[in-house]
Amino acid sequence: MTLQVQLRKKLEPFELEVDFECKPGVTALFGRSGCGKTSLIEQIAGLMAPDSGRIQVDDRVLFDSTTATNVAVRKRRIGYVFQDARLFPHLSVANNLRYGEWLTPKTERYVSSANVLELLALGPLLQRRPATLSGGERQRVAIGRALLCSPRILLMDEPLSALDGARKRDIIPYLERLRDEMRIPIVYVSHALEEVARLADTVVLLHDGQQQAVGSPQTVLTRLDLRAHTGRYEASSIVPATVQSHQPEFAVSILQTSAGRLIAAQLDRPVGSNVRLRLRARDISITKQPVQHSSVRNQLRGVIVDIAEEEGAFAEVLLELPDNTRLLVRVARINLKVLQLSIGDSAFASIKTAALDRASVL
Amino acid sequence: MLQLSPQDWQALHLSLKVAAWSTAITLPIALLLSMALANRRYVGRNLLNALVHLPLVLPPVVTGYGLLITFGRHGTVGSWLADTFGLVLAFQWTGAVLAASVMSLPLMVRPIVLSLEASDARLHKAAATLGASPLIIFLTVTLPMAAPGLIAAIVLGFAKSLGEFGATVTFVASIPGETRTLPSAIYTQLQIPGAENTVLQLALLSVVLSIVALLLAEWLGARLNRRVHGQ
């Protein structure tokens, strides 16, 4: 299933203008508060009409200004998880969950309630009332309720923003399972880079209603020219890796990336699992030749694709690895001159094992 | 203790019958009018609102007179009802029901309008994304959440109908066994020298009825509020 969105809408004080496509998996709409993210998904859901454009799921047109098509919200079959959950306070959790399922024609149902209860661990909550649930439980019920409509698309509007840090960590694994087990496009609105880096397969970066970039989180979040929009997140890169083995006698784990092996402090992930590593730019150094006889044995080879030099002591170098993953490296500006680093050069990134531990796994 | 004569019991029975019918008939009308008045702006809305509330501010005797010339045996609507359905309202207990309905309508509309207007549009949007049509949303979200308002309306309407006097006595007079409700009976007894004891007894009865109704309303309202807001 594919969602295609191309629309314009005049909002105060800017115009929303986007054109992107969502495949099964998580597409994050990322940008600062007030950049038009919520208005955008309300238009996808049909709660607000665009001024012009076209929204379609596969070949079913939901909105088209040229043919005056505007399918009613209730007929779009798009699940919507609101920021504030919006459970029906007069119904039990069980009846909240059943609400949408009951309104879905039997022939359209592909989600079983047993699956959803298991996926989101909702069994123990069924008899409760929404007012007695914690914030995290409420969001899980809201997600379950949306899924039980057997939606073709799932929209999530900052589902974690009302939760504190610990509750966020509790619910993220559920979202990961959702992403991996439901084969539908999920549009995930967020202004929290950590969530986007961890969950997204694709990032649509919005600024003042304008679509700045579309791509994998590895590329979009490390693009130096977009730093003004991605915000004050500490400069870092996201590198996908697979856990290859653990060496308990040294308390390390060996990870495989597209550009080579990494030795990390022992991780609590099983062998074979896929992880996303967050590598801080200041934990990485760069050399033109592979370094020998060093304690830093994590070395990844890549090509320099961008260099950002500003005032001050440091510059940032963007190194592209063979699978197009990009590593952001922070170096002293003086060393750029000494090493004569320039765009197009091939180079080696060195990462200390001390900088690779459980905290770097997203 | 209360020592009621058969006529007094008759008045009490008639009052309860009139109040029950009046409440049952007025509730759906009040609900429809409330839906037309809540959260809407259109030409004529203020006029409709004023008409509904008119009996609240008009002297009851004027309302009763209005009913008499409209629904009386020779009134336009009254003669049509009599010729078409054989339904005569003037000087009948059914006329007392009509008078009580008209007088209690504004009291029933107000709490329903307030509870409909307090209904959360955000929940309506959520229901729509789950596939609910406007009718389904009204039946499954708006109406259950307005239940405390509906209960308030029922209690107010019932109490008002039980105590209605001015419009009733003007429209249907005070005929023992037919239209002499509790307030009419009290008024009639007051005209008779030496009937102070009966008046006191009937007055006490009215007080007891009103207190029971209010307590019941309070209890039901609290229960429903808990259900609606889900504790």
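Guide: Let's start with a term: buried means under 20% relative accessible area, exposed means over 50%, and partly exposed is in between, using a 1.4 Å probe and protein chains only. This is a predicted model, in which local features need pLDDT of at least 70, side-chain atom pairs count only at pLDDT 80 or more, and totals for chains, interfaces and linings use all residues; side-chain values use heavy atoms, with hydrogens and water left out. Residues are numbered from 1 along each chain as its sequence is written, while chains are lettered from A and ligands numbered from 1 in the order in which they are written.

Visitor: Let me try that term out. Is F71(B) buried, partly exposed or exposed?

Guide: F71(B) has a relative accessible area of 22%, which means partly exposed. You'll find F71(B) in helix 3 (residues 60-71) of chain B. Helices here are DSSP runs of H or I with at least four residues, strands are runs of E with at least two, and both are numbered from the N terminus.

Visitor: And which residues is F71(B) in contact with?

Guide: Contact means heavy atoms within 4.5 Å. Leaving aside neighbours within four places in sequence, the partners of F71(B) are V77(B), G78(B), L81(B), L89(B), A90(B), L98(B) and F171(B). Take A90(B): it is 19 residues from F71(B) along the chain, with 6.9 Å between their C-alpha atoms.

Visitor: How many helices and strands does chain B have?

Guide: Chain B has 11 helices and 0 strands. Its C-alpha atoms fill a box of roughly 70 × 45 × 30 Å along the principal axes. Of its 231 residues, 43% are buried. Looking at contacts in chain B between residues at least 6 apart in sequence, 71% join residues at least 24 apart.

Visitor: Could you show me such a pair? How far apart are L56(B) and L107(B) in sequence and in space?

Guide: They are 51 residues apart in sequence and 7.9 Å apart in space, C-alpha to C-alpha. L56(B) sits in helix 2 (residues 45-57) of chain B and is partly exposed, at 48% relative accessible area. Apart from neighbours within four places in sequence, L56(B) is in contact with P106(B) and L107(B). For contrast, go to S104(B) in helix 5 (residues 93-117) of chain B: its relative accessible area is 0%, so it is buried. Not counting residues up to four places away in sequence, S104(B) touches S22(B), T26(B), G157(B), K160(B) and S161(B).

Visitor: Over to chain A. How do I read two packed helices?

Guide: Two packed helices are described by the angle between their axes and the distance between the axes. The axes are lines fitted to C-alpha atoms, for helices over the stretch in contact, and angles run from 0 to 180 degrees between N-to-C directions. In chain A, the axes of helix 2 (residues 93-103) and helix 4 (residues 135-147) come within 7 Å and cross at roughly 30 degrees. Helix 2 of chain A and helix 4 of chain A are therefore roughly parallel (angles under 35 degrees count as roughly parallel, over 145 as roughly antiparallel, 65 to 115 as roughly perpendicular and the rest as oblique). V93(A), N96(A) and L97(A) of helix 2 meet V141(A), G144(A) and R145(A) of helix 4.

Visitor: What about backbone angles?

Guide: Most residues other than glycine have a negative phi, and most peptide bonds are trans. A85(A), though, has a positive phi, near 60 degrees. A85(A) lies in the loop between strand 7 (78-81) and helix 2 of chain A, and it is buried at 3% relative accessible area. N324(A) also has a positive phi, near 75 degrees; this residue is in the loop between strand 18 (314-320) and strand 19 (326-332) of chain A and counts as partly exposed at 45%.

Visitor: Which peptide bond is cis?

Guide: The bond from E12(A) to P13(A) is cis, with omega near 0 degrees. P13(A) belongs to the loop between strand 1 (3-10) and strand 2 (15-22) of chain A.
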